[in-house]
Amino acid sequence: MAEKWNYEYNQMIKKNEHLYRSLAVRFELSECAFWILYILRSNIAMLTQRDLCEYLYQPKQSVNTGIKKLIDKGYIELSSGDDKRIKYLVLTETGKV
């Protein structure tokens, strides 16, 4: 019984992964860039690159590459808070659509 449940659960996970991967390809984004947008869109708090690395369990280099591509496409921008040394990632109007 547990084997059947494990198989079905695994199939659901794989279908979800395929769906999100397909969306990323459709919008010409890497999977990391797609998940960055997803997290920024669904999160209330302002996030830094370090925060995104923790959310995504991805290395800083991968997240940094995704961020640069999203900035180049006009989906996000960097914003300073009270501490000018900390840069927050903010969705642009284009990125919110």
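Modeller: Start with a rule: a salt bridge is a side-chain nitrogen of Lys or Arg within 4 Å of a carboxyl oxygen of Asp or Glu. This is a predicted model, where local features need pLDDT of at least 70, side-chain atom pairs count only at pLDDT 80 or more, and totals for chains, interfaces and linings use all residues. Residues are numbered from 1 along each chain as its sequence is written, and side-chain values use heavy atoms, with hydrogens and water left out.

Biologist: Why is the pair Lys-14 and Glu-17 called a salt bridge?

Modeller: Their N to O distance is 3.6 Å. The rule asks for within 4 Å, so the pair qualifies. By this rule the count comes to 4 salt bridges.

Biologist: Where do Lys-14 and Glu-17 lie?

Modeller: Both are in helix α1, residues 2-26. They sit 3 residues apart, about one turn of the helix. Helices (H or I, at least four residues) and strands (E, at least two) are DSSP runs, numbered from the N terminus.

Biologist: What makes Lys-14 buried, partly exposed or exposed?

Modeller: Buried means under 20% relative accessible area, exposed over 50%, partly exposed in between (1.4 Å probe, protein chains only). Lys-14 has 44%, so it counts as partly exposed. Glu-17, at 34%, is also partly exposed.

Biologist: How do you know that Glu-31 and Arg-21 meet in a salt bridge?

Modeller: Their N to O distance is 3.1 Å, and the limit is 4 Å. Glu-31 lies in helix α2 (residues 31-42) and Arg-21 in helix α1, so the pair ties together parts that are 10 residues apart in sequence.

Biologist: Which label does each partner in the salt bridge of Asp-83 with Arg-85 get, partly exposed or exposed?

Modeller: The closest N and O atoms of this pair are 2.9 Å apart. Asp-83 has 28% relative accessibility, so it counts as partly exposed. Arg-85 reaches 74%, so it counts as exposed.

Biologist: Now the whole chain. What is the pattern along the sequence?

Modeller: The chain follows α-α-α-α-β-β-α. That is 5 helices and 2 strands.

Biologist: Why is the chain called more spread out than a compact globule?

Modeller: The radius of gyration is taken over C-alpha atoms, and the globule rule is 2.2 Å times the number of residues to the power 0.38. For 97 residues the rule gives 13 Å; the chain has 16 Å, well over that, so it is more spread out than a compact globule. Along its principal axes, the C-alpha trace spans about 55 × 25 × 25 Å.
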